[in-house]
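Hello,

I am handing over a structure to you, and I would ask you to open it beside this email while you read.

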Amino acid sequence: MPFLNDVVDEKRRDGLVFVLLVYAASRLFYLWAGALFASVMPVGRFQRITADVPHGTMNLWSHWDGEHYVALAASGYLQPPENTSPAFFPLYPLLIRGLATLFGGPFSQPALSVWGVLVSLIALPFALYFVYRIAEDGWGVHAARVAVLTLALFPTSFFLNAAYTESLFLALSAGSLWALRVRKDLLLACLLAGLATATRNVGVFLLAPLVYEWLRNAREYRWRGAYLALAPSGLVAYAAYLWWRFGDPLLFYTQQSRWGREPTGPIDTLLGALTRGGQSIAGLFSSRLWTDPYLGRVADALQVANNAYNLIFLGLALALLVAGLKVLPPDLSIYSLLLIL
């Protein structure tokens, strides 16, 4: 069927070109917007550890958690003076260090912060392509294009530029689902899931669609169900390392207390979000919040706005989850629910 193969190849080329165009346009926009922001705002206070690179503002993308990943790439876990926490998973900083080593350094924190941004920018087109192919396979070309445009241009997608794990995790998790649903390759899907669990702890939730697909096609996969053991391998390997190095395999979990984060059930979390978010939405309409001239009130206003935004975003995520029940297969709905919880 050479004609059919030519049509399929042409569709894939068209999809790849579309993804690359959207990727280039969206990243150029966000990089330009970031540079513009840095030129008019006092961003130095955000760069507590990383310094700006010459002639630019790439380090703008490497503050907050990015500083921890950069420090981890520079000196490893619990090394002075940064004392980088094991709460941050290892694959992303390993890639930062590896890329810098491949090109001969340097290994200063300002330089590594730029390598972190580059790792994210390299991972992102893979993430967009995998999302495109999953959507195209399930719902057609139009749905695939809308999905990629929405993902690339969503207001918070500037995080996909940053020295954060978002781009890498999205590439690995979407790649796992692409291998599972489009290529029908359980081994590749489990290998990519294993890498995802070495990037973020929620990668372990990929077991839900993987196990579902194996059970649904048990006669076809048969003994290949053993591949499922590879899915949490990144998390297991990291826990083993923490046990060997620090004597606590759950240190990635218990270290969250450094930021005041304690384990709670999803119901308690939801009630807390509704309470804080509801109070913040009401606070947005307080005239005193916006008319007080003191800087402290500005900081309060930003916190109130942030809480209100979080509640609105949670509502959007839940609404999309409910709407998705009508069109998504059960395994993807379960995976989405686990991520939200």
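**Helix packing around α6**

Phe-169, Ser-173, Leu-177 and Arg-181 of helix α6 are in contact with Asp-331, Leu-332 and Tyr-335 of helix α15, where contact means that heavy atoms lie within 4.5 Å. Sorted by class, the residues of this contact are four nonpolar, one polar and two charged; here Ala, Val, Leu, Ile, Met, Phe, Trp, Tyr, Cys and Pro count as nonpolar, Asp, Glu, Lys and Arg as charged, and the others, including Gly, as polar.

Before going further, please keep in mind that this is a predicted model, in which local features need pLDDT of at least 70 and side-chain atom pairs count only at pLDDT 80 or more, while totals for chains, interfaces and linings use all residues. Residues are numbered from 1 along each chain as its sequence is written, and side-chain values use heavy atoms, with hydrogens and water left out.

Helix α6 covers residues 166–181 and helix α15 residues 330–340, and their axes come within 13 Å and cross at roughly 160 degrees. That angle makes α6 roughly antiparallel to α15. The axes are lines fitted to C-alpha atoms, for helices over the stretch in contact, and the angles run from 0 to 180 degrees between N-to-C directions; under 35 degrees counts as roughly parallel, over 145 as roughly antiparallel, 65 to 115 as roughly perpendicular and the rest as oblique. The crossing of α6 and α15 is right-handed, a term used when the near helix is turned clockwise from the far one by less than a right angle, with anticlockwise giving left-handed.

Helix α7 (residues 186–197) also packs against α6, and here the axes come within 8 Å and cross at roughly 165 degrees. These two helices are therefore roughly antiparallel to each other, and their crossing is left-handed. On the α6 side the contact includes Phe-169, Leu-172 and Gly-175, while on the α7 side Leu-188, Ala-189 and Leu-192 are among the residues involved. The residues of this contact are twelve nonpolar, three polar and no charged.

**Two residues to look up**

Gly-175 lies in helix α6 and counts as buried, because its relative accessibility is 0% (buried is under 20% relative accessible area, exposed over 50% and partly exposed in between, for a 1.4 Å probe and protein chains only). If neighbours within four places in sequence are left aside, Gly-175 is in contact with Phe-130, Leu-170 and Leu-192.

Arg-200 sits in the loop between α7 and α8 and is partly exposed, at 30% relative accessible area. With neighbours within four places again left aside, Arg-200 touches Phe-89, Thr-165, Glu-166 and Phe-169.

**Helices α3 and α4**

Helix α3 (residues 91–102) and α4 pack with their axes 9 Å apart, at an angle of about 110 degrees, and that makes α3 roughly perpendicular to α4. Among the residues in this contact are Tyr-92 and Leu-95 of α3, together with Trp-115 and Ile-122 of α4. By class, the contact has eleven nonpolar, two polar and no charged residues.

**Aromatic pairs**

Rings of Phe, Tyr and Trp (its six-membered ring) pair if their centres lie within 6.5 Å, and planes under 30 degrees apart count as stacked, over 60 as edge-to-face and the rest as tilted. By this rule there are 19 aromatic pairs. One of them joins Phe-18 and Tyr-132, a tilted pair with 6.1 Å centre to centre and 45 degrees between the planes. Phe-18 lies in helix α1 (residues 2–40) and Tyr-132 in helix α4 (residues 109–139), so this pair ties together parts that are 114 residues apart in sequence. Both Phe-18 and Tyr-132 are buried.

Tyr-77, Phe-89, Tyr-238, Tyr-241, Trp-244 and Phe-252 form one aromatic cluster.

**The whole protein**

Of the 341 residues, 41% are buried. Among contacts between residues at least 6 apart in sequence, 64% join residues at least 24 apart.

Best wishes

Terms used:
Helices (H or I, at least four residues) and strands (E, at least two) are DSSP runs, numbered from the N terminus.
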